[in-house]
Amino acid sequence: MDALLKVRVWRGARDGAFSLYDVPRQESQTVLDVVTHIQRHLEPTLSYRYACRVGMCGSCAMTVNGRPRWTCRTHVAKVADGDTLEIAPLANLPVIKDLATDMSEFFDKWARARGQFQGSATRHEPFATVSPESAERQAANAGIECIGCGVCYASCDVVEWRPEFLGPAALNRAWTLANDVRDVAQRERLRAVAGDVGCHACHTQGSCTERCPKQLQPTVSIAGLKRLAGRAAIRGKL
Ligand code: SF4
Ligand code: SF4
Ligand code: FES
């Protein structure tokens, strides 16, 4: 292939601007390949982030033609508008430089949603046995493959309008732990996610679920948290 792609790439912080680059088209080229070509051959100061290149680490998400995507698994042929491509940093996060965003707040919210497992057993006790068929384990499994890419967070209107909202990924993580029968911090976690900026702030329109590259369903997880929180409130256990 000797055709050229016209690629607009964001440079600078949030008050930066797009710069235009010509990139040779290749067969099976991914958006991450395009960014890497620009950095290696045209603009060595271009900042961006990636690690695994195979959809495991969650570090390569960017806004591609207006929509957040994991760039290492997104083929140019699927998303290019003719021969043009526009690549920008993820929305709803501070921009460090160019395509690299600051993910601190995104992960701090996981901690605020009590996204850490808290057990009570010691290493001297036998392993807990959890039936893979149990409803709780299946609910946890449905959300467990999150790679922390931030695509859902960048897609969420409520995060945009209300930056304190914990967001879909942190709430999805809380839901997986709410269904972990070994965890002993259930009440504290429910309190953490049931507040004003937690599950009840979600409007359930599902952009997170539509765009999650791992086909997870944060909207379903958040609905589960709403049910748990509602039940606990009625029983005076929040
Ligand atoms: S369904 Fe809820 S969490 Fe998901 S994008 Fe919409 S408001 Fe955000
Ligand atoms: S829920 Fe999906 S979109 Fe959100 S961070 Fe996890 S893998 Fe990415
Ligand atoms: S580089 Fe790891 S998910 Fe894309």
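The protein chain of this predicted model has 10 helices and seven strands. Its C-alpha trace spans about 65 × 40 × 30 Å along the principal axes. Of the 238 residues in the chain, 45% are buried. Among contacts with a separation of 6 or more, 64% are between residues 24 or more positions apart.

**Helix H8 and its packing**

- Helix H8 covers residues 186–194, and its buried residues are Arg189, Leu190, Val193 and Ala194.
- Viewed down the axis of H8, these buried residues fall within an arc of 120°, so they line one face of the helix.
- The cover over the buried residues of H8 includes helix H7 (168–178) and helix H10 (218–234).
- The axes of H8 and H10 are 10 Å apart, and the two helices pack at an angle of about 110°.
- Angles of 65 to 115 degrees count as roughly perpendicular, so H8 is roughly perpendicular to H10.
- On the H8 side of this contact are Leu190, Val193 and Ala194, which meet Leu225, Leu228, Ala229 and Ala232 in H10.
- The contact of H8 with H10 has seven nonpolar residues, with no polar and no charged ones.

- The residues around ligand 1 include the cysteines Cys156, Cys202 and Cys208.
- Also around ligand 1 are Val158, Pro168, His203, Thr204, Gln205, Gly206, Ser207, Thr219 and Ile222.
- Helix H9 (207–211) and H10 are the elements that give two or more residues to this shell.
- By class, the shell around ligand 1 has six nonpolar and six polar residues, and no charged residues.

**Surroundings of ligand 2**

- Ligand 2 has among its surrounding residues Cys146, Ile147, Gly148, Cys149, Gly150, Val151 and Cys152.
- Ala169, Cys212, Pro213, Lys214 and Pro218 also belong to the surroundings of ligand 2.
- The shell around ligand 2 divides into nine nonpolar residues, two polar residues and one charged residue.

**Leu90**

- Leu90 is in the loop between strand E5 (84–88) and strand E6 (95–97).
- With a relative accessible area of 1%, Leu90 is buried, because buried means under 20%.
- Leaving aside neighbours within four places in sequence, the contacts of Leu90 include Arg14, Ala61, Met62, Thr63, Pro68 and Thr101.
- Leu90 is also in contact with Cys149, Gly150 and Ala154; Cys149 and Gly150 are among the residues that surround ligand 2.
- Leu90 and Thr63 are 27 residues apart along the chain, and their C-alpha atoms are separated by 5.2 Å.

**His37**

- His37 lies in helix H1, which covers residues 31–42.
- The relative accessible area of His37 is 22%, so this residue is partly exposed.
- Not counting residues up to four places away in sequence, His37 touches Val23, Pro24 and Leu42.
- The C-alpha atoms of His37 and Ala154 are separated by 25 Å, and the two residues are 117 apart along the chain.
- Ala154 is also one of the residues in contact with Leu90.

Conventions: Residues numbered from 1 in each chain as written. Chains lettered and ligands numbered in written order. Predicted model: local features only at pLDDT ≥ 70, side-chain atom pairs only at ≥ 80, totals over all residues. Heavy atoms only, no water. Buried < 20%, exposed > 50% of the residue type's maximum accessible area, 1.4 Å probe, protein only. Helix = DSSP H or I, 4+ residues; strand = E, 2+ residues; numbered from the N terminus. Arc of directions from axis to C-beta. Contact = heavy atoms within 4.5 Å. Near = heavy atom within 4 Å. Nonpolar A, V, L, I, M, F, W, Y, C, P; charged D, E, K, R; others polar. Axes fitted to C-alpha atoms, helices over the stretch in contact; angles between N-to-C directions. Parallel < 35°, antiparallel > 145°, perpendicular 65-115°, else oblique.
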